[in-house]
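Q: Hi! Could you walk me through this model while I look at it?
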Amino acid sequence: MSAPAAPTDRDRRRWARYLVNERAEARVYRELADRRTGEEREILLALAEAEGRHEDHWLQLLGAEPARLPRPDARTRLLGWMARSFGSIFVLALAQNAEARSPYDDEPFASSRMAADEKVHHEVVRGLAARGRRRLSGTFRAAVFGANDGLVSNLALVMGIGATGVSGQFVLFSGIAGLLAGALSMGAGEFVSVRSQRELLAATEPSDYADGAIPHLDIDANELALVYRTRGMPEAEASARARRAVQAARALGQGRAETGPITVADHGEVVGTAWGAALSSFLFFASGAIIPVLPWIFGLAGTAAVIVALLLVGVALMCTGAAVGLLSGAPPLRRALRQLAIGFGAAGITYLLGLLFGVSLG
């Protein structure tokens, strides 16, 4: 990039802003590195070092440390606060979005190497965030989506019932009934799903039914090789392993040798327990479904209760939408607004239906 010959005061103010932002971003990466070990720590420290090189570039252009420096922008300050407070996957997800908005592509005083660095940084942070997303337990995702289901379904229910003109006590009863019905349905469905999955996995496991016969097989021609081939092993490898298994079984005087069984306990880490999944689904759904009912629980009724319910649910929907956006690497505000529109859209439809039924019954 070709830089103008004579920088203006406006240019120098922009350099100072770049300087403080680069320092703040380097600090974020170092604070995240303090919470990591091994390779991830080294990667984060390397990112901080790269931001330090960018900082040096702006210092050289400025000639010296300015007497007054601006504050880092709000996005960078937020990242720093989150890194100090949490050091979680959400910080990396926000940093990923931040690195994607580099100002250096159109900055005449930034080198092409700096602009290229920022693009690479985006991919590096994206890779680190992806590691964190993969490590996130399914329970967290279930919490977000289960709570969101409870929010939307019960808001739609109480809005529809309330629009018919019934008493606040009836709306409260309907909301509690909807909470229990939905949470129980979610819990029962999760129990059946996980139990069925575990039973399916158990049915596909290798068994020890024929282990006792292994020492008596012909070492050169035995059907144990067919067992290994059914598990996806190539023919030559299956034959060699079957031969070793017979030899080992004879030497040990027992049947179990090199069959490599997979136990049901191994699957527990993958699918979890049926009761645990059912309880968590019940609680996640209920935690979301209780929010639209809170105004009626505390004695509000009519328009006031509806407005408060919409405000509470709106905040909760935006939080769950932003969380989903961060987990997926998408802009959190856009996802939050989309979630808000979906939830309020469903509530609006049921409210109109309630008005229609209320008029018809009246």
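A: Happy to. First a term: helices (H or I, at least four residues) and strands (E, at least two) are DSSP runs, numbered from the N terminus. Asparagine 154, for instance, is found in helix 6 (residues 138–163).

Q: Before we go on, what kind of model is this, and how are residues numbered?
A: This is a predicted model, where local features need pLDDT of at least 70, side-chain atom pairs count only at pLDDT 80 or more, and totals for chains, interfaces and linings use all residues. Residues are numbered from 1 along each chain as its sequence is written, and side-chain values use heavy atoms, with hydrogens and water left out.

Q: Back to asparagine 154: buried or exposed?
A: Asparagine 154 is buried, at a relative accessible area of 2%. Buried means under 20% relative accessible area, exposed over 50%, and partly exposed in between (1.4 Å probe, protein chains only).

Q: And what is asparagine 154 in contact with?
A: Leaving aside neighbours within four places in sequence, asparagine 154 is in contact with Gly175, Gly178, Leu179, Ala289, Pro292 and Val293. Contact here means heavy atoms within 4.5 Å.

Q: Zooming out, how many helices and strands does the protein chain have?
A: There are 14 helices and zero strands in the protein chain. Of its 362 residues, 40% count as buried. Among contacts with a separation of 6 or more, 74% come from residues 24 or more positions apart.

Q: Where is confidence lowest, and where is it highest?
A: The score is pLDDT, the predictor's confidence in each residue, from 0 to 100. In the protein chain, helix 10 (residues 264–271) is lowest with a mean of 44, while helix 12 (residues 294–297) is highest at 93. Over residues 254–271 pLDDT stays under 50, and the model has 41 contacts beyond four places in sequence for that stretch. The mean for the protein chain is 78, and 78% of its residues reach 70 or more.

Q: Switching to aromatics, how many pairs are there?
A: The rule is that rings of Phe, Tyr and Trp (its six-membered ring) pair if their centres lie within 6.5 Å; planes under 30 degrees apart count as stacked, over 60 as edge-to-face and the rest as tilted. By this rule there are five aromatic pairs. In one of them, the rings of tryptophan 15 and phenylalanine 109 have centres 4.8 Å apart and planes at 70°, so the pair is edge-to-face.

Q: Where do tryptophan 15 and phenylalanine 109 lie?
A: Tryptophan 15 lies in helix 1 (residues 9–33) and phenylalanine 109 in the loop between helix 4 (89–99) and helix 5 (112–135), so the pair ties together parts that are 94 residues apart in sequence. Both tryptophan 15 and phenylalanine 109 are buried.

Q: What about tyrosine 18 and tryptophan 58?
A: Tyrosine 18 and tryptophan 58 form a tilted aromatic pair, 4.8 Å centre to centre with 40° between the planes. Tyrosine 18 is in helix 1 and tryptophan 58 in helix 2 (residues 38–62), so this pair ties together parts 40 residues apart in sequence. Both are buried. Tyr18, Trp58 and Tyr104 form one aromatic cluster.

Q: Which residues does arginine 14 contact?
A: Arginine 14, found in helix 1, is in contact with Glu107 and Phe109, leaving aside neighbours within four places in sequence. Arginine 14 is buried, with a relative accessible area of 16%.

Q: And where does glutamate 107 lie?
A: Glutamate 107 lies in the loop between helix 4 and helix 5. At 2% relative accessibility, glutamate 107 counts as buried. The C-alpha atoms of glutamate 107 and arginine 14 are separated by 9.9 Å, though the two are 93 residues apart along the chain.

Q: Last topic: what is happening around alanine 322?
A: Alanine 322 lies in helix 13 (residues 302–328). Not counting residues up to four places away in sequence, alanine 322 touches Pro332 and Ala336. Alanine 322 and arginine 335 are 13 residues apart in sequence and 5.7 Å apart in space, C-alpha to C-alpha.
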